[in-house]
Amino acid sequence: MTTYSHSRLETYENCPFRYKLQYIDRVKRGSEGIEAFVGTCVHGVLERLYRDLRLCKAYTLPELLDLYRETWEKGFHEEITITRPGFTYENYFDFGQKCLTNYFQRYQPFDQAVTLATELKVNFALDADGRYRVTGFIDRLDQRADGAYEVHDYKTAASPPDEAKLRTSRQLG
């Protein structure tokens, strides 16, 4: 059975050789880009925010930012690289804090819907025989008061994609 994910397909589209090294030969990369690290930190904090809200634990903005700092410090390692000239780790740390602050101010008290799951693994067949499958994770699955489901995918890109790109996105689709 062949299983695909957005990440695997995107890696192959960008560079078949990188796909081979990463997914077939399983060669481990020594470095991690700072943008991915910031995204992982912010994502982890938001996952904890909603997971803890399900148990009636609410965070203030200072508590959330403290959690971000703890997550950053715990996960930071020497192989994290910056490729943009003139930027520092502090610039990226501050950017992550800004993402969380903006999110908090926009959505607090976080009661727009009921959170059903965080980091929900999905796996479904592309063909009737189940020989080809797609797998991935939903960052957060909510259900609104009207019964509709919402799938949330956290992004920390400095500039979000435009509407046309969102509509054609394999991952978001």
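Colleague: Which pattern does the protein chain follow when read along the sequence? Within that pattern, please look closely at helix 4: which of its residues are buried, and against which elements do they pack?

Modeller: The model is a predicted one, in which local features need pLDDT of at least 70 and side-chain atom pairs count only at pLDDT 80 or more, whereas totals for chains, interfaces and linings use all residues. Residues are numbered from 1 along each chain as its sequence is written, and side-chain values use heavy atoms, with hydrogens and water left out.

Read along the sequence, the protein chain follows the pattern β-α-α-β-α-α-β-α-β-β-β-α. It contains 6 helices and 6 strands; helices (H or I, at least four residues) and strands (E, at least two) are DSSP runs, numbered from the N terminus. The C-alpha trace spans about 50 × 45 × 30 Å along its principal axes. Of the 173 residues, 29% count as buried. Here buried means under 20% relative accessible area, exposed means over 50%, and partly exposed lies in between, with a 1.4 Å probe and protein chains only.

Helix 4 covers residues 61-75, which makes 15 residues. From its first C-alpha to its last it reaches 21 Å, close to the 21 Å expected at 1.5 Å a residue; the expected span is 1.5 Å times one less than the number of residues. Its buried residues are Leu61, Leu64, Leu65, Leu67, Tyr68 and Trp72. Seen down the axis of helix 4, these buried residues fall within an arc of 155°, so they line one face of the helix. The arc is that of the directions from the helix axis to the C-beta atoms. On the face turned away from this buried side, helix 4 carries the exposed residues Pro62, Glu70, Glu73 and Lys74.

The buried residues of helix 4 pack against helix 3 (34-53) and helix 5 (89-107), where a contact means heavy atoms within 4.5 Å. The largest nonpolar core has 24 residues, and among these Leu49, Tyr68 and Trp72 touch the most other members. Such a core is a set of buried Ala, Val, Leu, Ile, Met, Phe, Trp, Tyr and Cys residues joined through side-chain atoms within 4.5 Å. Helix 3, helix 4 and helix 5 each supply at least two residues of this core, and helix 3 gives the most, with 9 residues. In soluble globular proteins, nonpolar side chains tend to be buried together. Apart from its neighbours within four places in sequence, Leu49 is in contact with Tyr59, Leu64, Tyr103 and Phe110; of these, Leu64 is one of the buried residues of helix 4, and Tyr103 is one of those of helix 5.

Let us turn to the two helices against which helix 4 packs. The 19 residues of helix 5 should span 27 Å at 1.5 Å a residue, and its end C-alpha atoms are 27 Å apart, which agrees. Its buried residues, including Tyr92, Phe93 and Leu100, pack against helix 3, helix 4 and strand 5.

Helix 3 contains His43, which is buried, with a relative accessible area of 19%. The side chains of His43 and Asp139 are joined by a polar contact of 2.8 Å. A polar contact is a pair of N or O atoms within 3.5 Å; within protein, one must be able to donate a hydrogen and the other to accept it, and residues adjacent in sequence count only if both atoms are side-chain atoms. Not counting residues up to four places away in sequence, His43 touches Glu119, Asp139 and Tyr154.

The loop between helix 3 and helix 4 holds Cys56. This residue is not a glycine, yet it has a positive phi of about 65°, and it is exposed, with a relative accessible area of 74%.
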